[in-house]
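Please load the model in a viewer and follow the selections below in order.

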Amino acid sequence: MYSKDPELGLIIHKHLMDKQVESPAFFNKLNSNNFALIEQKVAELLEVIGMDLSDASVADTPKRTAKFFINDLFYGLDYNNFPKMTTNPNNYAYHRGVFSEAISFNSTCEHHMVAISGHAYLAYIPKDKIIGLSKLNRVVDFFAKRPQVQERVTRQIFYALQKILSTEDIAIGIKAKHHCIAIRGVRHDDTKNMTVEFGGQFASNQQLQTVIYNMMNP
Ligand SMILES: [Zn+2]
């Protein structure tokens, strides 16, 4: 696991509420205290669709699913899991862009509860703070680990990074495959969806935006 910062999580949650981009959820309910209840509800669902839970193959599926929800799929519904963000003073006065390409993530479409998989592309222009680069990946991962909509998760990560890095100068692009498009409805396997958000210098400088678009379309 990774180092967590629940206090920072609360600050970010409030910031996203202010910006009206928070997820439609009651947070901090999905944890090991609710393990038995989740297990029971999954068992009920499996029984309703006709699975025989007395068979050894599926007997532990409700337990495995509850564990999967809490530990792997939806831990971003609990702000106690917000990752610790180590920042350092920008002592070397680096004020050009820092660009992160192809941060892979997996999420879940909140309309169909089917997987979304893709990449995030991030950039920021440091002011007084420099962040440990893998922390950018951690922020993407945290917001991906809840039922999501691509447009909203794009803006959640954007505003979270503005707050954490104390700068408006944030850019984000997300390019993702929605498995609900691939396996149900229209059933198109190759579609990818792109979303972007630009703040500060990125919003006003097309050349900087082009760097992001080029990263997204190698
Ligand atoms: Zn969907």
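**A tour around helix α6**

Select Ser 166 to begin: this residue follows α6 and has a positive phi, near 50°. Helices here are DSSP runs of H or I with at least four residues, strands are runs of E with at least two, and both are numbered from the N terminus. The model is predicted, so local features need pLDDT of at least 70 and side-chain atom pairs count only at pLDDT 80 or more, while totals for chains, interfaces and linings use all residues. Residues are numbered from 1 along each chain as its sequence is written.

Next, select residues 150–165, helix α6. Buried residues in α6 include Val 153, Ile 157, Phe 158 and Leu 161 (buried: 20 or more other C-beta atoms within 10 Å of the residue's own, with C-beta atoms placed from the backbone).

Val 139, Val 140, Phe 143 and Ala 144 of α5 meet Val 153, Gln 156, Ile 157, Ala 160 and Leu 161 of α6.

Finally, show the whole chain, with its nine helices and seven strands. Colour domain 1 (32–73) and domain 2 (86–216), bounds that come from an automatic or database domain assignment. Their C-alpha centres lie 33 Å apart.

Terms used
The expected span of a helix is 1.5 Å times one less than its number of residues. A residue is buried if 20 or more other C-beta atoms lie within 10 Å of its own, exposed if 12 or fewer, and partly exposed in between; C-beta atoms are placed from the backbone. Two residues are in contact if their C-beta atoms, placed from the backbone, lie within 7 Å.
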